[in-house]
Amino acid sequence: MSMYTPAGGEERGDLAYDYDDAHGQGLVTFAGVMLSIAAVLNIVYGIAAISKAHFFVGDARYVFGNLSTWGWFLLAFGILQAFAAFAIWRGASWGRWFGVACASVNAILQMFWIPAYPVLAMTILGLDIIAIYGLLAYGGRRRAYQAERDRAQTADRAPAQTAGR
């Protein structure tokens, strides 16, 4: 089965892709990068909160727990976000949904930060929404896209190898 691409050529293999699939993979990679950045930040914030660093306001009141409790939560959540980013980059099918869940929880957490850091929180909230969109719209095609790209590269190399003999 072949299909014409917008550039006028034909695609090889059993799977034909729309033109935007290749471009959509950039959003999936973006989602993985955003989750990894959020993971690093949450791990650093968690360690700072656990060690009672002077980065956070000392007399802040929390709905439940204290600064140390939030620090352990952020540390654990940062580790989960790192796993989600690696799963997305590997193209694991479950990684897409795990990434959506992590980005959604991070977006909700950013809503709690709006009174303290409004510009930063709204910026990260917007980036989380873009990451969620990328994973939902294109994340399911990641492994199939990578397999098709590998098949195309193998097919391109095969004629060159036989022509040299």
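Reply: Happy to! pLDDT is the predictor's confidence in each residue, from 0 to 100, and helices (H or I, at least four residues) and strands (E, at least two) are DSSP runs numbered from the N terminus. On that scale H2 comes out highest in the protein, with a mean of 89, while helix H5 (residues 142-163) is lowest, at 68. Over residues 1-20 the pLDDT is below 50, although beyond near neighbours in sequence this stretch has 29 contacts in the model (contact means heavy atoms within 4.5 Å). Across the protein the mean pLDDT is 76, and 69% of residues reach 70 or more.

Two notes on how to read the values. This is a predicted model, in which local features need pLDDT of at least 70 and side-chain atom pairs count only at pLDDT 80 or more, while totals for chains, interfaces and linings use all residues. Residues are numbered from 1 along each chain as its sequence is written, and side-chain values use heavy atoms, with hydrogens and water left out.

Now the setting for H2. The protein has five helices and zero strands, giving the pattern α-α-α-α-α along the sequence. Of contacts between residues at least 6 apart in sequence, 67% join residues at least 24 apart. Of its 165 residues, 32% count as buried (under 20% relative accessible area; exposed is over 50%, partly exposed in between, with a 1.4 Å probe and protein chains only).

H2 itself runs over residues 67-90. Its 24 residues reach 35 Å from first C-alpha to last, close to the 34 Å expected at 1.5 Å a residue (the expected span is 1.5 Å times one less than the number of residues). Just after H2, Gly91 takes a positive phi of about 85°.

Which residues of H2 are buried? They are Leu67, Ser68, Gly71, Leu74, Leu75, Phe77, Gly78, Gln81, Ala84, Ala85, Ala87 and Ile88. Take Ala85, which sits in this helix: it counts as buried because its relative accessibility is 1%. Leaving aside neighbours within four places in sequence, Ala85 is in contact with Gly32, Leu35 and Ser36. The C-alpha atoms of Ala85 and Val33 are 6.9 Å apart, although 52 residues separate the two in sequence.

Val33 also brings us to the surface. Together with Ile37, Leu41, Phe86 and Trp89, Val33 forms a nonpolar patch of about 420 Å² of accessible area. Areas come from the Shrake-Rupley method with a 1.4 Å probe, and for residues only the protein chains shown count as cover. Patch members have over 30% relative accessible area and no salt bridge; like charges are joined within 9 Å, nonpolar side chains (Val, Leu, Ile, Met, Phe, Trp, Tyr) within 5 Å. A salt bridge is a side-chain nitrogen of Lys or Arg within 4 Å of a carboxyl oxygen of Asp or Glu. Phe86 belongs to H2, and both H2 and helix H1 (19-50) supply at least two of the patch residues. H1 gives the largest share, three residues.

Val28 of H1 counts as buried because its relative accessibility is 1%, and its C-alpha atom is 9.0 Å from that of Ile132, 104 residues away along the chain. Ile132 is one of the buried residues of H4, a helix of 21 residues (118-138) that reaches 30 Å, close to the 30 Å expected. Leu127, also in H4, is partly exposed because its relative accessibility is 26%. Not counting residues up to four places away, Leu127 touches Phe30 and Met34.

Finally, helix H3 (residues 93-113) should span 30 Å because it has 21 residues at 1.5 Å each, and its end C-alpha atoms, 31 Å apart, agree with that. Among its buried residues are Arg96, Cys102, Asn106 and Gln110.
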